Amino acid sequence: MEIGIIISLIVFGVILLLIEMFIIPGISIAGIGGVISLAAAVFYAFHQDQKMGLIALGIGLVISGLLVWVFFKSKTLDKMSLHTQIDSKVEHNEKLLVNVGDKGVSVSRLAPIGKVKVNGVVVEAKTEGGFLDENTPVEVIKILENNVLVKAL
């Protein structure tokens, strides 16, 4: 009778773990229930006899290891993962309209990074190290990758 209870707890735990791995991925009631069922089988087996407990523990570990191995070999994770790659990049067309030596005005406070309006285009700008208030006349010194370097006029 005790062996039947232990076997049924192990089988129920394995079924719940299979449901967790292949049908409902993530941590859900099925996975928690499967682990609790396997632990209950081992606990109940140790409560009956130490030898029976060791056998139940070994069977539980072997079956769990086999389930993890089958899960990774079945490429289930590949089916659940996203395989698209971003191969484009953002073109900064505003920078094409801004050249070194152009003059503009700061739209926001540059402390030391903010927005400036040069040639009718608002771009992100960086000062040489000081702070500039809003509506300060500026001149473009250098065009960087992500912004432009400006100085106060």
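I started at Ser37, which sits in helix α2 (residues 29-48). Helices here are DSSP runs of H or I with at least four residues, strands are E runs of at least two, and both are numbered from the N terminus. The model is predicted: local features need pLDDT of at least 70, side-chain atom pairs count only at pLDDT 80 or more, and totals for chains, interfaces and linings use all residues. Residues are numbered from 1 along each chain as its sequence is written, and side-chain values use heavy atoms, without hydrogens and water.

I checked burial next. Ser37 has 5% relative accessibility, so it counts as buried (under 20% relative accessible area; exposed is over 50%, partly exposed in between; 1.4 Å probe, protein chains only).

I then looked for partners. A polar atom of the Ser37 side chain lies 2.6 Å from the backbone oxygen of Leu9. Beyond its neighbours within four places in sequence, Ser37 contacts Leu9, Phe12 and Gly13 (heavy atoms within 4.5 Å).

I zoomed out to the whole protein. I found five helices and five strands. Their order from the N terminus is α-α-α-α-α-β-β-β-β-β.

I looked up the dimensions. The radius of gyration is 33 Å, whereas a compact globule of 153 residues would have one near 15 Å (C-alpha atoms; the globule rule is 2.2 Å times the number of residues to the power 0.38). Along the principal axes, the C-alpha atoms fill a box of roughly 90 × 30 × 20 Å.

Buried residues are 29% of the 153. Of the contacts with a separation of 6 or more, 44% join residues 24 or more positions apart.

Notes: Polar contact = N/O pair within 3.5 Å; in protein donor to acceptor, adjacent residues only side chain to side chain.
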